[in-house]
Amino acid sequence: MNCRKTNILSLLQGGTHFLIPCYQRSYAWTQEQCSDLWLDLKRLVAQREQFPELNAVHFMGSIVVQTTQYVPMAEVRARELGVLIIDGQQRLTTMYLLYLALAQVARQRLEQNAEYAALVSELDAFLQDACDKEHGTGWQPPFTLSGTDQVDLKRLVAGYEARFNQAALLTSNYQYFCQQLAAESDLCALYEATRAFELVEMSLERGDDAQLIFETLNARGLALTTWDKIRNFALMDLDYDDSQRCYQNLWQPLEQYLHASEHDDFIYFYLEVKRQTESNLTTLYYDFKQWCQASGRSKEAVLQDLLSYAELFAQLSYCHVPLVPSSELDPRERSGLQAELNLCLKRLQLTRSNDWLPFVLQCLMSYRARALSVSELIKVLQLIEVYVTRCWLVSLGRQSLEPFFITLYQDVVALHDDVSEVGAGAGTAEDGAADTVADGATDSAADVASEFVARLVQILRSERANMPDDAQVQKALRDTNFNFTTGRQIAMRNYVLARLEEGCAPKAKLAERIPIIDVMWQEPQALTCEHIMPQKLSDTWRKNLGSNCDKIHALWTHRLANLTLTAYNAEYANKSFSEKRSMEHGLAQSPLFINRAIAKHIHWVESDLNQRANELYQLALKVWPYPKVDG
């Protein structure tokens, strides 16, 4: 590695064409970083005016460059080779924007001050690529930025404001510098001061570890995200053509599957699948890098694998996993299975628990490889929903299921015991009565479980899984206080009520049931939790509850027996039970069967609450049955 001290102006005036590699993040500096740079320049001008003998300078840090071929930097210009910016593109590009704005403002002042002609001429000499002008291709910047940044930069260089992309950071930062410079009286002094913006140019040679150098530099600017670092690590040590190919064929499709807000979560769960241990958000990049190096896989193979999992991750987010092609299914059966699979995914998503993601991702990969049938996959998802819900009802989220799910897939695959032998399960005498498949499952999903499913059931019934039994679920449904303030707990409570609604519809009227899971998945606020006995008792409620009204209220207000879902929470308020039952959009008119069942009560007193608590328990056994061992 060769290092030399230079300044930003000399670097840009040197005639080099700079290439921003595709693996670098897009231009990301905001006005905050540009404001810091502008203040540094203003301070430097003031110091040089006040103390000219000191020749004050401002150190900008380092710029790491690498030629597209391994030749000495001295030969770059002679061979007309491009130079890759390994580190420093944000500062270099921003300084270019400052000079571009300086030329624009100076050009506007030419009529009033001819002295600016020399400044404009000197700036134009390096702001546009001279070779491109000679070949008649118009004004081009001496940069090749990545992605759409290049188009936005060309528009700025061309100077046609009507064509500027106002949404681009390049444009807003250029306009910020134009505004600041327009308020300055001496543009030449500002320009001369930039000659004292010093930096160290580090040119890499064959054998230098570009990624390690990149990671250890701590230049001032906008911190790189985990996603930025992973992209750089995956693409940086490839040669230029290979990095371009992998970026276009693998990385760009990968990014299209994920929202920026999902990047860390995706890597978090991907690593849990690969490393079979819990991830740490604060060390994601270093854990990813260590795993890649230990795996012995090529960078391209890792990118291929990331792309496969990102597609599945996106399908989970959208709750739509397309069925693999099969000649065994007729169109009607295929449509029914697709709808059931999507519904299972939505139910899991509504639990607002991501602990199950590593296991489900691996199951989806097995389904894609045809190691699991769609019916088996549906059964697996139903079992996981039962397990997650039972655990939540008993612990209210205090128990983390993440360690269990991280290794569950491998545990199921590795289990070679006779699947007819049950582990130390905790079922009850009512186990057989609760052996129905979760409400809404297709006949295909209720067939005899595959070996994989049977092994999963065995593990879920074991001491290690510690799945709450029916007695624990009954106690939780009856006695738990469901008064929540956190978003996840509120969402989980509403999911429980929605699933009970699914199981409440009489078989003869299933066609009348509204698709409540679809409704809540698409519009989470469409239905909210209603306290039938209100949180604040009116005189009418006190009279109806009797002399023990305060005790009954304190005991039952936030228990599940007193809760339901409605789209008319505000209208119900603390009205009397008879009003809530008979009013317009009241319980008796509700499209929800769970509300119509409440409306059958004449009063809403403690005996009614006890009765509903028992009804909800029986319903819960139907919706979340304790897993059955077949055979």
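**Figure 1. Helix α5 in the predicted model.** Helix α5 covers residues 116-127, and its 12 residues reach 16 Å from the first C-alpha to the last, close to the 16 Å expected at 1.5 Å a residue, where the expected span is 1.5 Å times one less than the number of residues. Helices (H or I, at least four residues) and strands (E, at least two) are DSSP runs, numbered from the N terminus. Within α5, Y116, L119, V120, L123, D124, F126 and L127 are buried, a term that means under 20% relative accessible area, with exposed being over 50% and partly exposed in between (1.4 Å probe, protein chains only). Residues are numbered from 1 along each chain as its sequence is written. This is a predicted model in which local features need pLDDT of at least 70 and side-chain atom pairs count only at pLDDT 80 or more, while totals for chains, interfaces and linings use all residues; side-chain values use heavy atoms, with hydrogens and water left out.

Figure 2. Strand β4 (residues 83-87) is largely enclosed by the rest of the structure, because five of its five residues are buried. V83 in β4 is the bridge partner of F18.

**Figure 3. The largest nonpolar core around F359.** This core has 85 residues, and F266, F359, I384 and F405 have the most contacts inside it; a nonpolar core is a set of buried Ala, Val, Leu, Ile, Met, Phe, Trp, Tyr and Cys residues joined through side-chain atoms within 4.5 Å. Helix α18 (residues 374-395) gives the most to the core, with 10 residues. Not counting residues up to four places away in sequence, F359 touches V380, I384, F405, L408, Y409, F452 and L456, a contact being heavy atoms within 4.5 Å.

**Figure 4. The salt bridge between D305 and K274.** The closest N and O atoms of D305 and K274 are 2.8 Å apart, and a salt bridge is a side-chain nitrogen of Lys or Arg within 4 Å of a carboxyl oxygen of Asp or Glu. Since D305 lies in helix α15 (residues 299-317) and K274 in helix α13 (residues 263-275), the pair ties together parts that are 31 residues apart in sequence. D305 is buried, with a relative accessible area of 15%.

**Figure 5. R499 and E502 in helix α22.** Three residues apart, about one turn of the helix, R499 and E502 both lie in α22 (residues 487-504), and their side chains meet in a salt bridge (2.5 Å, N to O). R499 is buried at a relative accessible area of 0%, and E502 is buried at 4%. A network of salt bridges links E340, R347, E385, R499 and E502.

Key. Pairing = 2+ DSSP bridges.
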